[in-house]
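Please open the structure in your viewer and keep the selection tool at hand. We will go from stop to stop, selecting a few residues each time and looking at what is there.

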Amino acid sequence: MTPSVSSLKNLDLSLLAQRLGKLCQQLQVEVTTAESCTGGGIACAITSAPGSSAYFTTGYVTYANTAKTRLVGVSDATLQAHGAVSEAVVKAMVAGACQDSGAQLGVAVSGVAGPDGGSAEKPVGTVWLAWGNVNHQEAECFHFPGDRQAVREQAVREALAGLVARLDAQADGQGEK
């Protein structure tokens with residue numbers, strides 16, 4: 001039975017990373033990351049697991065909008081129309097990261113970690129995450145409480161839990177649990 005995303009979020013980051021690695025190897029899936037507000041934190045968590053080079057070869061830290069465009073192909077028009085912290089941008093980020101890296105599954109994140117940069121529309125703690133590949137992406141907006149470090153840690157945990165949940169569902173579908 002697939003664990004819920006909420007139960008996965010209660011796991012230690014290293015346990016989430018280990019679970020991700022086991023599933024990637026079982027399903028022969030390579031993962032990638034495209035990160036803004038987490039600054040490489042998701043990739044760091046993934047690579048904390050021994051043997052992660054077997055399923056994680058490329059991660060992108062696209063902190064600036066120019067990097068989002070240059071490295072993962074987010075269009076200037078999308079950035080102008082929606083802003084960096086948006087569903088459209090994280091979906092484009094994950095699709096572009098998978099396209100460039102060849103990974104079958106990726107996660108992208110963009111948000112306002114604080115302490116500055118928030119607005120009435122997108123207050124500090126607003127974080128968009130997307131999971132998917134070149135052809136299909138799912139995104140969700142979160143409003144994480146706390147200071148900058150807390151927002152970033154919650155985003156990393158949510159990103160990993162989302163990857164694990166999607167791979168768990170795939171493994172369940174193959175009857176390999």
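A residue is called buried when its relative accessible area is under 20%, exposed when it is over 50%, and partly exposed in between, using a 1.4 Å probe and protein chains only. The model is predicted, so local features need pLDDT of at least 70 and side-chain atom pairs count only at pLDDT 80 or more, while totals for chains, interfaces and linings use all residues. Residues are numbered from 1 along each chain as its sequence is written, and side-chain values use heavy atoms, with hydrogens and water left out.

Select Phe142 and Phe144 to begin, both of which are buried. A search of the whole structure finds one aromatic pair (rings of Phe, Tyr or Trp, the latter by its six-membered ring, with centres within 6.5 Å; planes under 30 degrees apart are stacked, over 60 edge-to-face, the rest tilted). The ring centres of Phe142 and Phe144 lie 5.3 Å apart with their planes at 5°, so this pair is stacked.

Next, select Ile46 and Leu160, which touch the most other members of the largest nonpolar core, a set of 34 residues. Such a core joins buried Ala, Val, Leu, Ile, Met, Phe, Trp, Tyr and Cys residues through side-chain atoms within 4.5 Å. Beyond its neighbours within four places in sequence, Ile46 is in contact (heavy atoms within 4.5 Å) with residues including Ala17, Tyr55 and Leu163.

Finally, select Arg152, which counts as partly exposed at 22% relative accessibility, and follow its side chain to the backbone oxygen of Cys37, reached at 3.0 Å.

Notes:
Polar contact = N/O pair within 3.5 Å; in protein donor to acceptor, adjacent residues only side chain to side chain.
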